[in-house]
Amino acid sequence: EVGRTGIAFAWSRDGSVIGAVASDGFRFFQASDLASVAHYPVRYPSSILFHPNCRDVLLGTWDTTAIKSLSELCH
């Protein structure tokens with residue numbers, strides 16, 4: 001389920017990937033056809049933001065924020 005803890009979506013700087021807050025973590029989709037490309041499970045996901053460097057994404061939870069490489073998540 002996407003958006004359960006609050007609707008949060010973000011587009012990568014190049015427009016190729018959409019990230020979403022889901023009930024069980026973060027989900028990533030190809031922007032062109034919405035095909036699922038990655039899932040990053042966490043407890044209490046709350047916000048998502050793509051870094052301007054086009055390589056990283058910031059994933060916020062109620063407890064902390066993590067910086068993850070897009071290539072690491074969407075392989």
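How many bridges join S3 to strand S4, and do the two run parallel or antiparallel? Five bridges join S3 to S4 (residues 36-41), and the strands run antiparallel; two strands are taken to pair if DSSP finds at least two bridges between them. The model is predicted, so that local features need pLDDT of at least 70 and side-chain atom pairs count only at pLDDT 80 or more, whereas totals for chains, interfaces and linings use all residues. Residues are numbered from 1 along each chain as its sequence is written, and side-chain values use heavy atoms, with hydrogens and water left out.

Strands are DSSP runs (E, at least two residues), as are helices (H or I, at least four), numbered from the N terminus. S3 and S4 form a hairpin with five residues between them. In the turn, Leu34 has a positive phi of about 60 degrees. Gly25 stands opposite Pro41 in S4. The loop between strand S2 (17-22) and strand S3 (25-30) contains Ser23. This serine, Ser23, is partly exposed at a relative accessible area of 28%, where buried means under 20%, exposed over 50% and partly exposed in between (1.4 Å probe, protein chains only). From C-alpha to C-alpha, Ser23 lies 11 Å from Thr61, although 38 residues separate the two in sequence.

Thr61 belongs to strand S6 (residues 56-61) and counts as buried because its relative accessibility is 16%. A polar atom of the Thr61 side chain lies 3.1 Å from the backbone nitrogen of Asp63. When neighbours within four places in sequence are left aside, Thr61 is in contact (heavy atoms within 4.5 Å) with Val42, Arg43, Tyr44, Pro45 and Ser46.

Trp62 is located in the loop between S6 and strand S7 (65-69). With a relative accessible area of 58%, Trp62 is exposed. Residues up to four places away in sequence not being counted, Trp62 touches Tyr44, Pro45 and Ser46. The C-alpha atoms of Trp62 and Arg43 are separated by 8.3 Å, the two residues being 19 apart along the chain.

The cysteines were also examined. The structure holds zero disulfides, a disulfide being a pair of cysteine sulfur atoms within 2.5 Å. For Cys54, the closest cysteine sulfur is that of Cys74, at 13 Å, which is too far for a bond. Cys54 is partly exposed, at 44% relative accessibility, and Cys74 is likewise partly exposed, with a relative accessible area of 25%.

Terms used: A polar contact is a pair of N or O atoms within 3.5 Å; within protein, one must be able to donate a hydrogen and the other to accept it, and residues adjacent in sequence count only if both atoms are side-chain atoms.
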